[in-house]
Amino acid sequence: MKDFQQEIRDISGWLSKIGADPSGGMTRLLYTPEWIEAQHALKNAFEAAGLNTHFDAVGNLFGRLEGSKYPDQVILSGSHIDTVVNGGNLDGQFGIEAAFMAIKHLKDTYGPPLRSLEVIALAEEEGSRFPYVFWGSKNIVGLARREDVQHITDAKGVGFVNAMRDAGFDFPPPHQPLRSDIAAFVEIHIEQGKVLETEGKTIGVVTSIVGQRRYDVRLQGEANHAGTTPMSYRRDTVHAFSRICCESIAKARAEGDPLVLTFGKVEPKPNTVNVVPGFTHFTLDCRHTDQAALLRFTQEIEQDIQRICAEMGIEVEIDLWMDEAPIPMNEQLVACVSRLCETQRLNYRMMHSGAGHDSQIFAPRVPTVMMFVPSIAGISHNPAEKTAVADLNEGVKILAQTLYQLAYTEQGAEA
């Protein structure tokens with residue numbers, strides 16, 4: 001198999017300049033000039049490589065290599081072109097680069113595939129500009145709704161619809177049929193964690209994407225004078241939060257992997273040195289690969305919160321605003337990638353994804369598989385986001401071998 005290291009450097013070199021921050025990071029938000037420039041630069045690169053290109057209505061970019069025998073069976077591979085604010089240049093972008101390099105190599109080496117191959121630069125995944133995520137993949141599978149974005153704005157007050165139309169895109173026509181030709185979706189991504197690096201593994205074969213439950217919790221006590229209110233008289237919401245946090249984290253540690261629990265945001269009020277905090281808002285994020293375990297644990301935490309607040313005379317409001325079930329990857333595709341890793345004697349492991357990805361949107365509707373390459377120190381969504389070029393190279397290789405198996409052989413994943 002070809003060595004892709006120089007090609008990785010070349011493609012990343014020009015694409016990473018689009019949206020580069022002076023601080024060294026990357027900001028390329030949906031429908032901004034940087035986003036438009038990146039999508040059109042990729043379109044030009046795809047066409048120069050001999051792929052047929054088109055944008056769909058909302059700005060997903062496709063580069064197609066037509067199948068010779070089963071053109072209506074499409075093997076789709078890629079990731080998202082948008083970034084977080086001041087993020088890195090691998091999250092999403094590497095998945096597009098890898099799919100492009102793999103398909104170009106297959107075309108140049110083997111000619112037309114039996115099944116069509118398409119590289120996709122998905123319009124949006126992160127939700128960094130507007131309060132909406134997976135706009136690209138949700139439009140492909142029919143989950144995006146006009147009413148969900150019609151009235152939302154970015155931090156500068158720019159409306160979603162205006163931004164989309166100014167970029168040259170629009171809502172899909174009413175009653176436009178969904179694609180029914182996607183036979184598989186294959187995504188490669190940086191891990192965004194440190195499991196692979198810690199264990200010395202080159203490739204992670206993803207078996208599932210975790211389920212998530214996220215809460216906003218509001219505690220209402222009584223603000224009072226810090227000097228004249230005895231401890232026994234206080235209805236201190238920070239004290240209540242500290243009990244909730246400590247008991248919950250201890251319970252999560254006792255539960256063990258793969259459950260994770262995070263209190264990521266805490267806002268006490270009035271948040272001043274000489275006043276007992278009478279109100280505290282905090283968030284809770286819980287993830288697990290097993291739906292029953294996720295429900296059981298979070299329901300126990302809800303009960304614990306109610307109990308602690310009752311004991312302390314604190315009123316509580318618990319708002320469950322995200323409730324996403326775990327998403328398994330396609331077993332046949334997972335087995336296919338695992339066999340290829342074994343054949344190539346790659347140092348790999350089976351693992352779940354603790355973060356959300358476009359694959360979770362495709363997987364319930366299209367056979368889907370996902371692969372990870374290591375993230376140095378587990379850092380992502382950060383200008384310091386890096387992966388060794390040698391690991392990126394192995395990622396492109398296993399992706400190319402997977403796409404060959406799916407698109408160039410009669411049996412596809414069944415081999």
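User: Which helix is His105 found in?
Analyst: His105 sits in helix 3, residues 93-110. Keep in mind that this is a predicted model.

User: Buried or exposed?
Analyst: His105 counts as buried, because its relative accessibility is 11%, and the cut-off for buried is under 20%.

User: And what is His105 in contact with, leaving aside neighbours within four places in sequence?
Analyst: Met1, Lys2 and Phe4.

User: Moving on to the core. How many residues has the largest nonpolar core, and which have the most contacts inside it?
Analyst: The largest nonpolar core has 81 residues. Those with the most contacts inside it are Tyr31, Leu117, Trp135, Phe160, Leu399 and Leu403.

User: What lies apart from it?
Analyst: Another core, of 22 residues, lies apart from the largest one. Its members include Tyr215, Val217, Leu284 and Cys309.

User: Back to Leu403. Where is its place, and is it buried or exposed?
Analyst: Leu403 belongs to helix 12, residues 389-408. It counts as buried because its relative accessibility is 0%.

User: What does Leu403 touch, not counting residues up to four places away in sequence?
Analyst: Leu403 touches Ile75, Ser77, Ala102, Ile103, Leu106, Leu117, Val186 and Tyr408.

User: Next, strand 5. Why is it largely enclosed?
Analyst: Strand 5 covers residues 182-190, and eight of its nine residues are buried, so the rest of the structure largely encloses it.

User: Which strands does strand 5 pair with?
Analyst: Strand 3, residues 70-80, pairs with strand 5 in the parallel sense over four bridges. Strand 16, residues 368-373, also pairs with strand 5 in the parallel sense, over six bridges.

User: New topic. What volume has the largest pocket?
Analyst: About 630 Å³. Its lining has 26 residues, and the closest to the centre are Val133, Phe134, Gln212, Met322 and Gln360.

User: Which elements give two or more residues to that lining?
Analyst: Strand 7 (211-220), strand 13 (315-324) and helix 11 (359-362). Strand 13 gives the largest share, four residues.

User: And the lining by class?
Analyst: Ten nonpolar, seven polar and nine charged residues.

User: What about phi at Gln192 and Arg345?
Analyst: Gln192 is not a glycine but has a positive phi of about 65°. Arg345, also not a glycine, has a positive phi of about 55°.

User: Where are those two?
Analyst: Gln192 is in the loop between strand 5 and helix 7 (195-199). Arg345 is in the loop between helix 10 (331-343) and strand 15 (348-353), and counts as exposed because its relative accessibility is 79%.

Note on methods. Residues numbered from 1 in each chain as written. Predicted model: local features only at pLDDT ≥ 70, side-chain atom pairs only at ≥ 80, totals over all residues. Heavy atoms only, no water. 1 Å grid on protein atoms, 1.4 Å probe; cavity = no way out; pocket = protein on both sides within 12 Å on 5 of 7 lines; lining within 4 Å. Points joined across faces, edges and corners; volume = space filled by probe spheres on them. Nonpolar A, V, L, I, M, F, W, Y, C, P; charged D, E, K, R; others polar. Buried < 20%, exposed > 50% of the residue type's maximum accessible area, 1.4 Å probe, protein only. Pairing = 2+ DSSP bridges. Core = buried A, V, L, I, M, F, W, Y, C linked by side-chain atoms within 4.5 Å. Contact = heavy atoms within 4.5 Å.
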